[in-house]
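Here is a friendly walk through one protein chain, meant to be read with the model open beside you. We will start with the overall fold and then look at a sheet, the cores and some ring pairs.

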Amino acid sequence: MKLRPTLKVVLTLNFLLVAGLPLLLVSLTSLHLLTSYNQKEISRKNLILAKSLAGEVDRFLEGPLCLLNAVSEIIEKKGWSRQEEVREPLEAMVRHIRVFNKILLLDNSGVVRIAAPFNRQYVGIDMSGQPYFQMTRKVGKPWYSPAYVSPDTGETTITLTQSFRGGMVVGCLSLAVLDNLIEKVRIGRTGYAAMADLNGTAIAHPDRSCVAQRLNIKDLEGIRHGLAGEEGTFRCQFAGVDSLVSVALVSQTGWPVVIVQTIEDAFAPVRKIRKIILLGLVLSFVFAAALAFSVLRRTLRPLSRLDSVAQKIAGGDYRVHSLPESYPEVDKLTKGFQGMSRAIEARERALRESRKNLEALFDSAEDFIFVLDTQGHILKVNPRVLERLGYSEETLLGQDVLKVHSPDRHEEAVAVIADIVAGRTDSCTIPLVTKDGTEIPVETKCARGRWDGQDALFGISRDITERKEALSRMERSEKRFRDLFDSVSDLVYTQDLEGRFITANRAVRRFFGYEPEQLTGRKASDFMKPELRPFFETEYLGGLKERGHYEGITAYFTREGRKVYLEYHSNLVLPDEGEPYISGTARDVTERILAERRIKKVQEQLQQAQKMEAVGTLAGGISHDFNNLLQAIMGYTQIIIMGKDRDDPDLGKLKEIEKAAQRASELTRQLLTFSRKVESKLRPVDLNHEVRQVEKLLKRTIPKMIRIELHLQEEGLKIINADPAQMEQVMMNVAVNARDAMPEGGKLVIKTENITLDQEFCRTHTGATPGEYVLLSISDTGHGMERETVEHIFEPFYTTKETGKGTGLGLSMVYAIVKNHHGYIACASEPGEGTTFRIYFPTMESGIMEQGAETDQEAGLPAGNETILLVDDEAFLRDLGAEILGRFGYTVLQAENGENALEIYEKKRAEISLIVLDLIMPGMGGKKCLEEILRVNPRAKVVVASGYSINGSPQDVLDAGARGYIRKPYDLREMLNAIRKLLDDKD
């Protein structure tokens, strides 16, 4: 009989295992991790030291390289013709700085032109055959030679070269200082540092003899890693001893720098820590064993009481009585036995009920159910099999399943059973045969399982007689549908999700000239213009997949090349079964499209006028709020400027902010000018100055491969009367069109000149008038335009760009601005020849540009002590106005709307000297408020403030009785001067 250990022994061992094994694992893991960490930390510190030493070498080499750069700059500046002026600083550099032992200056052919210190025998020598000359020319950057012993100084030396436009400077650099760097490195008892050049020759070593003898150490493993371009810390044999070698590379030269320390010396602290941890582990394990024996004696007593309980359950007695209380765990185990006995009893009852229900389901199923063994013998059938096939249960059980199949299908049935057993299939459609020979078409599903302890096959066969009859009826219905399908005069089609035709009715012959069979597999885009085919993929197919339907009209070409327009309606069909597809119809609408085009031409002028009016309305609507925001920016900026000294470093930046806000205001006025809602702000303009300003902006915005050339008439260019902001807009719009015409790069030429237009020119150029003009020509070398395009180039909303890439307003605004300035514009272009815009601006009579000096922002600004009522619906504008006026001595009362303004004015009419009134306010508008104030006091002084009103121009309000007008956003000087002028007016 095999001896088994007692529970006491097992628990004792388990306790020791549970208590001791984690302790052992934790201790060993900690020991391993601590050892690994310390080893990695030591390796990391050595590598950091090596990299630091390599960095010192890099810094040592940077100085000489900077000196060579300085020498090359001197010779480039002085030239070879002034060698004496070059030699003197070189001599001083060698004698006093003492970085280089010798410096040579070579010309481009490699001949020594200057030597320092001066040595006549070097001058004129051809050094073009020297490796350093050839390598520097080859790599095109500073080159460091291999180390060698200098015959002049006896020190380890390298040659450092630097090429320049006229030749090459060569310096002989001593590496003696590297020995001092190496000697400073001391790690532990055995660690030291060394360095080699790219040939493996020692150039720095604690043992000076290694350097003096030019010992080659490339075979040492650490040096090999460095020469291979690898950095890191490696464990290897170094001089026959297991060593830790850290390798770093000098970035400028690639020289390997190594820190070498024996493994024994490097990891000595790690071994000491390991001994301490192992001793603690042994002591802890001994303590755990003693504790185990003491605890287990008391633990095992209650467990024996559970033996009788287990015996009862094994014998089928599930009534487990309570045992005397002991440990909570033992009590819980006892309760577990009680719960287990009740659960087993409940499961046995449920199993009996489930088997009974399964047998009822098996007997009542309408489908045929078979249970077969793996050889195909019938083990069980349900009553439906016996009823429909006409056999008794005794006749079928034990028989081969081939008995219920037609003899001519036996071979197929055997193969199917083999496939089911092998897991290759789980279904078949072999019909069943009744006892009298009648076939019943069925669809059978099979599964593998167990029956009465053996492998078995479970099969369920469903009678599909009605399904086959329905399929036959559907085929007849499909034929009727096909006849109807082909009789429809419109094109009826289906497509797959790639747009290929699946089916089409006979109308396709009339539409495309093809038979339906010839159309199958082709896309509708095959009959479209090549440039429209991408839209078929993106717009048509993309729209169908996104929205589920798509309608439209598209031009197609028939087999004979005739162009037809088809109006189509397509829908995405998602059937319950099968792949999704596209179904649609199309109708020939060629005649309708041609008629609509004729009508469209008549409507175009009206539509363009409506578009222009819409743009003007939009521009006017946004100008008021936008100008209010600009007012806050300009006003607070001007307030800050007033508090700054002339030498304040922020003053220039603040003035730039002020200029930017003014420019933004001018941009708003540009759009208003286009829509004819506000007049241009004309003044004498030097067109050359505006061109140069635009050139700066273009250089920042257009691609670098487009070259900008200016051909400006510098002497005597006449002055024009123009709006500078609109001049910039004209040039920018034309330049942007030129940029788009040169996607691969090209040249943009801007030219100015004085010109006279005579009667002959004006007779051949409608719209031009005789006189003196300044001609602005803007030319590009782009792809040019066809004549038809040039004829429509200035029409609003006309564009040749793709949808979403152009509005068609740019050149129409250019045309409008030129006409507003009483000028003339013409465009000349040919495909492939580029485009030229010629713009003629009439000159001013005087032809002289007035020059004004920049004035101090605060100097001479008028002040006062009167009381002013400021009316504006924007709180921040009221606060801004109050702060500005308050700084100049005025007392400011604020009103947020017209109603509030009237209340204040009626109460404090005697105190208020002037009213600043905003035009656009909610509730009572500015114009109505003005009428009420003048009704109360016809002599009231009111100045209106506005940028633009969608209900009328500020002139309407001035005609209604206002004394003055201040344009938003406020200009500080303009605002104060206007207020002071009205207050001083005694009328």
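A contact here means heavy atoms within 4.5 Å. Among contacts in the chain between residues at least 6 apart in sequence, 57% join residues at least 24 apart.

This is a predicted model, in which local features need pLDDT of at least 70, side-chain atom pairs count only at pLDDT 80 or more, and totals for chains, interfaces and linings use all residues. Residues are numbered from 1 along each chain as its sequence is written, and side-chain values use heavy atoms, with hydrogens and water left out.

**Confidence and overall make-up**

The predictor's confidence in each residue, pLDDT, runs from 0 to 100. Its mean over the chain is 80, and 82% of the residues reach 70 or more. Over residues 847–859, however, the pLDDT is below 50, although this stretch has 19 contacts in the model beyond near neighbours in sequence. Where pLDDT is low, the predicted coordinates should not be read in detail.

The secondary structure comes to 29 helices and 35 strands. Helices (H or I, at least four residues) and strands (E, at least two) are DSSP runs, numbered from the N terminus. Of the 987 residues of the chain, 41% count as buried; buried means under 20% relative accessible area, exposed over 50%, and partly exposed in between (1.4 Å probe, protein chains only).

**Two nonpolar cores**

A nonpolar core is a set of buried Ala, Val, Leu, Ile, Met, Phe, Trp, Tyr and Cys residues joined through side-chain atoms within 4.5 Å. The largest one has 41 residues, of which L178, M195 and W255 touch the most other members. Helix α1 (residues 7–78) supplies the largest share of this core, 10 residues. Leaving aside residues up to four places away in sequence, L178 touches V57, F60, M195, I203, A204 and W255. A second, separate core of 38 residues includes L712, M742, I793 and L811.

**A five-stranded sheet**

Next comes an open sheet of 5 strands in the order β13-β12-β18-β17-β14, with antiparallel pairing. Two strands pair if DSSP finds at least two bridges between them. β13 and β14 stand at the edges, each with a single partner strand, so one side of each is left without a neighbour in the sheet.

Some of the pairings are listed here.

| Strand pair | Bridges | Example of bridge partners |
|---|---|---|
| β12 (residues 368–373) and β18 (residues 454–463) | 6 bridges | I369 and I460 |
| β12 and β13 (residues 378–381) | 3 bridges | V371 and K380 |
| β14 and β17 (residues 442–451) | 2 bridges | S427 and K445 |

How many residues of β12 are buried? The count is 6 of 6, so the strand is mostly covered. F368, F370 and L372 point one way from β12, while I369, V371 and D373 point the other way, and all are buried. In a regular strand the side chains alternate between the two faces of the sheet. The hairpin of β12 and β13 has 4 residues between the strands, and there G376 takes a positive phi near 95°.

C428 is buried, with a relative accessible area of 17%. Not counting residues up to four places away in sequence, C428 touches V416, V442, E443 and T444. C428 and V442 are 14 residues apart in sequence and 8.7 Å apart in space, C-alpha to C-alpha.

**Aromatic pairs**

Rings of Phe, Tyr and Trp (its six-membered ring) pair if their centres lie within 6.5 Å; planes under 30 degrees apart count as stacked, over 60 as edge-to-face and the rest as tilted. A search of the whole structure finds 12 such pairs. F512 and F527 form a tilted one, at 4.6 Å centre to centre and 35° between the planes. F512 lies in helix α15 (residues 508–512) and F527 in the loop between α16 (516–519) and α17 (533–547), so the pair ties together parts that are 15 residues apart in sequence. F512 counts as buried at 2% relative accessibility, and F527 is buried with a relative accessible area of 4%.

The rings of F761 and Y824 have their centres 6.4 Å apart and their planes at 85°, so this pair is edge-to-face. The pair links distant parts of the chain: F761 is in helix α22 (residues 759–764) and Y824 in strand β29 (residues 824–830), 63 residues apart. Both F761 and Y824 are buried.

Ring pairs also link F512, Y514, F527 and Y556 into a cluster. R522 lies over the face of Y514, at 5.3 Å from the ring centre; a charge sits over a ring if NZ of Lys or CZ of Arg is within 6 Å of the ring centre and within 35 degrees of the ring normal.
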